[in-house]
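Trainee: I have a model open and I'd like to learn how to read its features one by one. Could you walk me through it?

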Amino acid sequence: VQLVESGGGLVQAGGSLRLSCVASGRNFSTAPMGWFRQAPGKEREFVACISGSRTYYADSAKGRFTISRDSAKNTVYLQVNSLKSEDTAVYYCAAERNSGSVYFADSYESWGQGIQVTVSS
């Protein structure tokens with residue numbers, strides 16, 4: 001399984017980005033796929049997950065971020081709006097959840113290489 005993220009970059013506070021994660025090697029049309037992020041000096045933290053039609057969000061993401069998927073393209077998206085400086089981090093796509101909670105990084109077996117999102121104030 002390979003996960004490749006794209007869409008990151010430098011954006012001003014209040015701006016938006018759409019992150020994409022293309023999966024290959026397996027069909028993830030309904031399987032859980034998640035987004036995590038890691039800021040410098042901090043642990044990797046849950047951002048959002050989509051499983052079937054259900055979505056899950058961290059409190060910090062609710063109301064500003066939207067996770068969606070295009071099953072035909074085996075791709076999951078994270079629309080990030082109203083960005084704040086504290087959203088600056090490397091964002092990772094995750095897939096192949098084991099029996100653990102969707103909220104925990106240890107629950108996922110496959111990871112993308114990560115993509116930088118930098119929000120300037």
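Predicted model: local features only at pLDDT ≥ 70, side-chain atom pairs only at ≥ 80, totals over all residues.

Mentor: Let's begin with a charge over a ring: the charged end of Arg 18 sits over the ring of Tyr 77, 4.2 Å from its centre. The label applies if NZ of Lys or CZ of Arg is within 6 Å of the ring centre and within 35 degrees of the ring normal. Arg 44 gives another case, lying over the face of Tyr 92 at 3.7 Å from the ring centre.

Trainee: Which residue in β8 is the bridge partner of Ser 20?

Mentor: Tyr 77 is the partner of Ser 20. Strands are DSSP runs of E with at least two residues, helices are runs of H or I with at least four, and both are numbered from the N terminus. Two strands pair if DSSP finds at least two bridges between them. Here β3 (residues 17-24) and β8 (residues 75-80) run antiparallel and are joined by 6 bridges. Leu 17 stands opposite Val 80 in β8.

Trainee: In what order do the strands of the open sheet come?

Mentor: The order is β1-β3-β8-β7, 4 strands with antiparallel pairing. β1 (2-6) and β7 (65-70) are at the edges with a single partner strand each, so one side of each has no neighbour in the sheet. On average, neighbouring strands of this sheet are turned by 15 degrees against each other, direction ignored. For that angle, axes are lines fitted to C-alpha atoms (for helices, over the stretch in contact), and angles run from 0 to 180 degrees between N-to-C directions.

Trainee: Is β8 mostly covered or mostly open?

Mentor: Mostly covered, with 5 of its 6 residues buried. Buried means under 20% relative accessible area, exposed over 50%, and partly exposed in between (1.4 Å probe, protein chains only).

Trainee: Now the rings. How do I read an aromatic pair?

Mentor: A pair of aromatic rings is described by the distance of the centres and the angle of the planes. Rings of Phe, Tyr and Trp (its six-membered ring) pair if their centres lie within 6.5 Å; planes under 30 degrees apart are stacked, over 60 edge-to-face, and the rest tilted. Searching the whole structure gives 7 aromatic pairs. Take Phe 36 and Phe 46: their centres are 5.6 Å apart and their planes at 80 degrees, so this pair is edge-to-face. Phe 36 is in strand β4 (residues 33-38) and Phe 46 in strand β5 (residues 45-51), so the pair ties together parts 10 residues apart in sequence. Phe 36 is buried at 1% relative accessibility, and Phe 46 is buried at 9%.

Trainee: Why is the pair of Tyr 56 and Tyr 103 edge-to-face?

Mentor: Their ring centres are 5.9 Å apart and the planes are at 85 degrees, so they get that label. Tyr 56 lies in strand β6 (residues 54-57) and Tyr 103 in the loop between β9 (89-97) and β10 (108-111), so this pair links parts 47 residues apart in sequence. Tyr 56 counts as buried at 18%, whereas Tyr 103 is partly exposed at 38%. Both belong to one aromatic cluster that also includes Phe 36, Phe 46, Tyr 92, Tyr 108 and Trp 111.

Trainee: Last one: which cysteines does the disulfide join?

Mentor: Cys 21 and Cys 93, with S to S at 2.1 Å; the criterion is a pair of cysteine sulfur atoms within 2.5 Å. The link is left-handed, with -80 degrees about the S-S bond. Cys 21 is in strand β3 and Cys 93 in strand β9, so the pair ties together parts 72 residues apart in sequence. Both cysteines are buried. Cys 49 is in no disulfide, and the nearest cysteine sulfur, that of Cys 93, is 10 Å away.

Methods:
Residues numbered from 1 in each chain as written. Heavy atoms only, no water.
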